[in-house]
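Here's a quick look at how this protein is put together. Have the sequence and the coordinates open while you read.

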Amino acid sequence: MAVTAKGGKYFYAWSTILPDGSFCLPDQALQEYNITLNSKIILMTGRNTAKGFSVVCKELIPNSPLAAIFGSLPELQNHSLPEGQAVTFKERMFCWVLLSKDRYIKLPLRTWQQFGLQPGDKLLSMRATHLAFNILSEGPYIELAKQMQDILEYK
């Protein structure tokens, strides 16, 4: 169950990166951001987040500040990069990955490391902007979420 924390922060779920590099995305977040199963999704690191990434709703990109960035990355838009291979542009890393019908993504170990993460890390999914939800491993929101009960956990 998603939980609203003090300050209005909305936490979807905890999930752990599995040894094979797979990771479960929360159903509620996927529904809110209109991200469909069995589709290619975009992951993006943040400028201020050393450990984590955002899951971007790619249908909203054309009318957003991200449009110029994605316009400079045609290999990401047309999925000509190998799945899960990160590309860097203006201090951020991006990749595309297939979201399976059971809500899992799978990244190579190298990409997890580029995102500052590794198998076994427990990550928090939380609402961010109208374009994306965040998946984080450290910072003040993690400490706040650790104090809360009732946040769904995928293992």
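What follows covers the overall build, then the nonpolar cores.

This is a predicted model, where local features need pLDDT of at least 70, side-chain atom pairs count only at pLDDT 80 or more, and totals for chains, interfaces and linings use all residues. Residues are numbered from 1 along each chain as its sequence is written, and side-chain values use heavy atoms, with hydrogens and water left out.

The protein has five helices and eleven strands, taken as DSSP runs (H or I, at least four residues, for helices; E, at least two, for strands) and numbered from the N terminus. Its radius of gyration is close to the value from the globule rule for 155 residues, so the protein is as compact as a globular protein of that length. That radius is taken over C-alpha atoms, and the rule is 2.2 Å times the number of residues to the power 0.38.

| Property | Value |
|---|---|
| Radius of gyration | 15 Å |
| C-alpha span along principal axes | about 45 × 35 × 30 Å |

Buried residues (under 20% relative accessible area, 1.4 Å probe, protein chains only) make up 48% of the 155 residues.

Now the inside. A nonpolar core is a set of buried Ala, Val, Leu, Ile, Met, Phe, Trp, Tyr and Cys residues joined through side-chain atoms within 4.5 Å. The largest one has 29 residues, and Leu-43 and Phe-53 have the most contacts inside it. Elements giving two or more residues to this core include β2 (10–16), α1 (27–32) and β7 (92–99); the largest share, four residues, comes from β7. A second, separate core of 16 residues includes Ile-42, Val-56, Leu-76 and Phe-89.

Conventions
Buried < 20%, exposed > 50% of the residue type's maximum accessible area, 1.4 Å probe, protein only.
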